[in-house]
Amino acid sequence: MDRLVESTLAHGLVPPVVMEFPGITAGGGFAGTAGESSSFKHGYFDENVAGVEIVLPDGEVVFARRERGDDDGGGKYEDLFRGAAGALGTLGVATLLEMRLIEAKRFVRATYRRTSSVAEAVRVVREECKEERGNDYVDGILFSKDHGVIVSGQMTDELPEGQKVQTFSRAWDPWFYMHVRDLTKGLPSSSPASNSATTSPSSTEGTVTEYIPLAEYLFRYDRGGFWVGQAAFDYFWPVPFTRFFRWFLDDFLHTRMLYRALHGSGESARFIVQDVGMPYESAEPFIDYVSENLGIWPLWLCPLKTPRGPTFHPHLREGGNQEGSKGGEMLNIGVWGWGPKDRDAFVRVNRDLERRVDELGGMKWLYAHTYYSEPEFWRAYGGHRAEYEALRQKYHATTLPSVYDKVRVKVDSADDKGWKPWLKRLWPVGGLVGIWKGIRSRDYMLHYNATWKWRDDGKPGKEKSA
């Protein structure tokens, strides 16, 4: 995503939905589920794609468009376009996207609203999504039941005189979630909050407002991977979680390196990674469940404008608050944190979470750990199974794995047996293997060479040479 944003910003444009992590690919955003802080307004990433080039399993290359009637012939593959979005590459491989872009501005005026209960946080998210609020971005962080922050952002070219610009890409910059927590922890609840914009950073009725360069805002969670980076310090516990060591180890604490190390270490097998789309009325009961049964904090809140089903994306089930053909609204809740060390117990808590999500009318994102049996999976996601299977037949994709094949966790996999997995489970062997794989990848160089980073002269980062 960072290369795409760099290219479009050069023309004063930006994708309507930008994945928060620079290393997520545009093709992955189309083939998977990508909902971010602008998705309350623009929907999922693929809903802003006008056309896609797909290599079919038999080698044929086609260009599929969202709508019929296009004179380039892509409209005749409308069924393929709609079926491939969110289907995880099980109908073919996306190799080129034609995207809708919107006007970019230099800064985001970000306002942090303090909340003091889960119910208040959910209500404030919905308030900030209203059209009259004029927001381009809305998300939230629940640090605990009585400390939440709803973050709203408005793109602007104006920077008030004397206003400090806040950045998050440099090694000595704060991690975004810690910055927001520290700014708001002493504030009262923002309700009722003033509708007037504040300049600053200054505090008014439980709010703080500051100005962030657009690309710095879009990738504000990169350093620390939201808050997953703190888990690296939990693992390597002799290293203190201080600002000095976050600066000293910064190369390892961007999302590309963090996730390569997490998967290389084998520790992802006991790290709960779940994103779930919930109807708004179910959000508070689900958060209570997570607090009581998993004890994981912080939690991420991201409002979503969801399409009507059938789709593999989280969407409101029949009878939910959908408006005609426009789909509906859901609240994504990101649950990321350590689970039980015992493998059987880890599987049980994930299975129980899936059961609770289903009971509350929610849907999981399919990038996450998925422990459903096949009948359970298709009951939850199979509203269009017949249509999906028909597309696999039509486009010769039956030799590819199905969506269920790709997402299910193989609980009794042979990959978990033998001396190598046993050795990696011994502390700190797995962690050192993960670091070694990260260093070998040289992914840290991608951040060094990024041109989207803000410079002190008021321009985006490093200039490209001809």
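How many nonpolar, polar and charged residues does the lining of the second largest cavity have? The model examined here is predicted. In the lining of the second largest cavity, 3 residues are nonpolar, 2 are polar and 3 are charged. They are Val18, Glu20, Glu36, Ser37, Ser38, Tyr137, Leu218 and Arg220. The space inside amounts to about 40 Å³.

A search of the whole structure gives 2 cavities of 30 Å³ or more. The largest cavity has a volume of about 60 Å³. Its lining consists of Pro22, Asp222, Asp251, His254, Thr255, Arg256, Met257, Asp443, Tyr444, Leu446 and His447. By class, 4 of these residues are nonpolar, 3 are polar and 4 are charged. Helix 10 (255–265) and helix 18 (444–448) each contribute at least two residues to this lining.

Helix 11 was examined next. It has 14 residues, 280–293, which at 1.5 Å a residue should span 20 Å; the end C-alpha atoms lie 21 Å apart, so the two values agree. The buried residues of helix 11 are Tyr280, Ser282, Ala283, Phe286, Ile287, Tyr289 and Val290. These residues cover an arc of only 160° around the axis, and therefore sit on the same side of helix 11. An α-helix has 3.6 residues a turn, so residues three or four places apart point the same way. On the other side of helix 11, Glu281 and Glu292 are exposed.

Several elements cover the buried residues of helix 11, including helix 5 (118–128), strand 7 (137–144), strand 11 (271–278), strand 12 (299–306), strand 13 (328–338) and helix 12 (343–359). After helix 11 comes glycine 295, with a positive phi near 65°.

Terms used:
Residues numbered from 1 in each chain as written. Predicted model: local features only at pLDDT ≥ 70, side-chain atom pairs only at ≥ 80, totals over all residues. Heavy atoms only, no water. 1 Å grid on protein atoms, 1.4 Å probe; cavity = no way out; pocket = protein on both sides within 12 Å on 5 of 7 lines; lining within 4 Å. Points joined across faces, edges and corners; volume = space filled by probe spheres on them. Helix = DSSP H or I, 4+ residues; strand = E, 2+ residues; numbered from the N terminus. Nonpolar A, V, L, I, M, F, W, Y, C, P; charged D, E, K, R; others polar. Expected span 1.5 Å × (residues − 1). Buried < 20%, exposed > 50% of the residue type's maximum accessible area, 1.4 Å probe, protein only. Arc of directions from axis to C-beta. Contact = heavy atoms within 4.5 Å.
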